[in-house]
Amino acid sequence: MSKAAVQTIAVIDFETTGLSPNGGGRATEIAAVLVSGGLIVDAYQSLMHTGAWVPPFIEELTGISNEMLADAPSAESVMQDLALFTQGCPLVAHNAAFDRGFWQAEMARAGCMPDPAHESFACTVLLARRLYLDAPNCRLGTLAQFHGLPDSGKAHRAMADAMTTAHLLLRMQHDIAERFAGELGSLPVEHGLLNQLQRAHKSALKRSVQDYVKRQGVQALATH
């Protein structure tokens, strides 16, 4: 029997002009960090020009100015490049509801074909709420300090935040594998398990892992 391929997950982060694409917000910067086999294996980052105006408070928060975006590549070309870079990779983000909205809106504007792997996001905020009950809060900077994660640079820039989230994801995969070693056996901590755990009650994580392992066994039998 051939060895299963190692899953690659894309961790993404947007900087934007507002809180929601439904409220007129547009992306100003995107980063994606690929995680596979317990390692960070590749990364992509770009500013993106949409023609949207960056409010002063957003410029102060992110350091991204209207002048910087004037010469940036078009949002359409950036999202098309990103669709190829993350092709076949399930997605993770910190506070994924925010990034999912911009991902879907900007991909649609760019005319990118939907990728089935991109349909569900795992969220490191939801996972942290279940895994790290002793953390002061679930903000990215707090969790990075709590776990002693590498310093990835200025917060509220896409690459720094995506890289910190990628390190947090690796820590989560390690901690889940260690905490539920008896249930998982040789199964890796993949995106499907992360998605299941983020929806489970914090008191029912073990049962959720057991259900996941049982489903994986049924699926394996069905393919042979």
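**Loops, helices and buried residues**

Biologist: Between which two helices is the loop where H156 is found?
Modeller: Keep in mind that this is a predicted model. H156 is partly exposed there, at a relative accessible area of 36%. The loop that holds H156 runs between α6 (140-147) and α7 (158-179).

Biologist: S65 lies in the loop between α1 and α2. Is S65 buried or exposed?
Modeller: That loop links α1 (56-62) to α2 (66-70). The relative accessible area of S65 is 9%. Buried means under 20%, so S65 is buried.

Biologist: Which residue's backbone nitrogen does the side chain of S65 reach?
Modeller: The S65 side chain sits in the α1-α2 loop. The distance from the S65 side chain to that backbone nitrogen is 3.1 Å. The nitrogen belongs to M68.

Biologist: On to helix α3. How wide is the arc that its buried residues cover around the axis?
Modeller: In α3 (residues 75-85), the buried ones are A75, V78, M79, L82, A83 and F85. They sit on the same side of α3, because the arc they cover is only 160°.

Biologist: What covers the buried residues of α3?
Modeller: Strands and a helix both contribute. The strands include β1 (8-16), β2 (27-36) and β3 (39-47). Also included is the helix α4 (96-109).

Biologist: A75 is one of those buried α3 residues. How far apart are the C-alpha atoms of A75 and R26?
Modeller: A75 has 6% relative accessibility, so it counts as buried. Setting aside neighbours within four places in sequence, A75 is in contact with R26, M48, H49, T50 and E106. A75 and R26 are 49 residues apart along the chain, yet their C-alpha separation is 9.3 Å.

Biologist: E106 lies in helix α4. Which residues does E106 touch, not counting those up to four places away in sequence?
Modeller: E106 counts as buried, because its relative accessibility is 2%. Two of its contacts, A75 and M79, are among the buried residues of α3.

Biologist: At what angle do the axes of α5 and α9 cross?
Modeller: The axes of α5 (residues 124-131) and α9 (residues 191-199) come within 8 Å. The crossing is left-handed. L126, L127 and R130 of α5 make the contact with L194, L197, Q198 and R199 of α9. The axes cross at roughly 65°.

Biologist: By class, how many nonpolar, polar and charged residues are in the contact of α5 with α9?
Modeller: On the α5 side, the contact is made by L126, L127 and R130. By class, the contact comes to four nonpolar, one polar and two charged residues.

Biologist: How many of the nine residues of α9 are buried?
Modeller: The buried ones are H191, L193, L194, N195, Q196, L197 and Q198. That leaves α9 mostly covered, and the number buried is seven.

Terms used:
Residues are numbered from 1 along each chain as its sequence is written. This is a predicted model: local features need pLDDT of at least 70, side-chain atom pairs count only at pLDDT 80 or more; totals for chains, interfaces and linings use all residues. Side-chain values use heavy atoms; hydrogens and water are left out. Buried means under 20% relative accessible area, exposed over 50%, partly exposed in between (1.4 Å probe, protein chains only). Helices (H or I, at least four residues) and strands (E, at least two) are DSSP runs, numbered from the N terminus. The arc is that of the directions from the helix axis to the C-beta atoms. Contact means heavy atoms within 4.5 Å. A polar contact is a pair of N or O atoms within 3.5 Å; within protein, one must be able to donate a hydrogen and the other to accept it, and residues adjacent in sequence count only if both atoms are side-chain atoms. Axes are lines fitted to C-alpha atoms, for helices over the stretch in contact, and angles run from 0 to 180 degrees between N-to-C directions. A crossing is left-handed if the near helix is turned anticlockwise from the far one by less than a right angle, and right-handed if clockwise. Ala, Val, Leu, Ile, Met, Phe, Trp, Tyr, Cys and Pro count as nonpolar, Asp, Glu, Lys and Arg as charged, and the others, Gly among them, as polar.
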